[in-house]
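Dear colleague,

I am passing a structure on to you, with some notes to read beside it. Please look through it before you go on to the text.

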Amino acid sequence: MDKREIVVSGIRSTGVLHLGNYFGAMRNYLRMQDDFTCFFFIADWHALTTHPDTKELSASVHRVLAEYLASGLDPAKVTLYAQSEIPEIAELYLLLNMLAYKGELEKTASFKDKGRQHPENINAGLLTYPVLMASDIMVHRAVKVPVGKDQEQHLEMTRNFAQRFNHRYGVDVFPEPYAFNFGENLLKVPSLDGAGKMSKSENQMATLYLNDEDDMIRKKVMKAKTDGGPTEPHSAKPDYIENLFQLMRLVSAPDTVRVFEEAFDQANIRYGDMKKQLGEDMVRFISPIREKARDLEKNKEYLHRVMEEGTQKARASAAATLSEVKKAMHLNYR
Ligand code: ADP
Ligand code: TRP
């Protein structure tokens, strides 16, 4: 029996992945695949809460899978699947909904944000989004969940649902899962316009996508917000400048970052040069992933095979949990 800690994480199939997804989530997936039992999936049901049009859904699911593989996830080491292929997740979601209170769901930050963005479509799926996410995690009895900072509240809710279930039914079926990031704190990759974080849907010119062409990457970086530079040595950095440095720390060599840090400290930095360098380093980072994902996306047969194998493994793990759940709840009549 595999005694390694269990890891679950997913990304919604709502568009092309970006640098925030990569550094907030996928970089950790890659580092975990050798040492943990990992389940990484594509959250297509979650996508439906905000993207009801399903014409592009299948292409988006294949795209995310291709990007997982292009970034280096190895289907021989990790279990990859689409959420909607695991009916046990929906079953657990139904049962957990009885333990989730309207008040706490309405207070969730993501519910309020998404409601503000789409006031015409505040559906029950959106309200119970955290319950579905808890089901994704709890269905494999996971303890570590590699996600970006924006998901912390959902993890806290997942722990509450797990505790409530164990307490209500008097059996410790579920461990408490925690958001996980190697090393430092959970990450928030800033957008290039100095406002907020990179995201799939907001301000496309301020987000670097993993399928952006080289010239587009350079163009976006050159347009990033800067100013006339510090007027005296040892100044503090404005947020949007700190953001640029943060992006540089993600993709550039430490020596390169140091050169620009010193130039800033000495108040003789040239942001044009810094952005040119950052643009080249971004191209070097993104272009191999883009090309690999493009090739994989065309190879539908391979993608289907990866999903088929992953679905089987994920369902076996999920079915074992549901059987414990039903036993604990006395949902056994024969
Ligand atoms: P988006 O917010 O772009 O729609 P998702 O909600 O599907 O993307 O997020 C998938 C994963 O990527 C989550 O773990 C989330 O925390 C992470 N993530 C998304 N944007 C960022 C960002 N700008 N910085 C860090 N992590 C991010
Ligand atoms: N809510 C996550 C996001 O928006 C995606 C997600 C759904 C997820 N289910 C999950 C992440 C389970 C980790 C574990 O990014």
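This is a predicted model: local features need pLDDT of at least 70, side-chain atom pairs count only at pLDDT 80 or more; totals for chains, interfaces and linings use all residues.

Residues are numbered from 1 along each chain as its sequence is written, chains are lettered from A and ligands numbered from 1 in the order in which they are written, and side-chain values use heavy atoms, with hydrogens and water left out.

Polar contacts (pairs of N or O atoms within 3.5 Å) include one of 2.7 Å between a polar side-chain atom of His18 and an oxygen atom of ligand 1, and another of 3.0 Å between an N or O atom in the side chain of Asn21 and an oxygen atom of the ligand. Of the 540 Å² of accessible area (Shrake-Rupley method, 1.4 Å probe) that ligand 1 has on its own, the protein covers 94%.

The chain is divided into domain 1 (6-188 + 299-329) and domain 2 (211-294), with bounds from an automatic or database domain assignment. Contact (heavy atoms within 4.5 Å) joins 12 residues of domain 1 to 11 residues of domain 2. Between them the domains bury about 970 Å² (accessible area lost on being put together, 1.4 Å probe, summed over both), and 70% of this lies on carbon and sulfur atoms.

Best wishes

Notes
A polar contact is a pair of N or O atoms within 3.5 Å; within protein, one must be able to donate a hydrogen and the other to accept it, and residues adjacent in sequence count only if both atoms are side-chain atoms. Buried area is the accessible area (1.4 Å probe) that two parts lose on being put together, summed over both.
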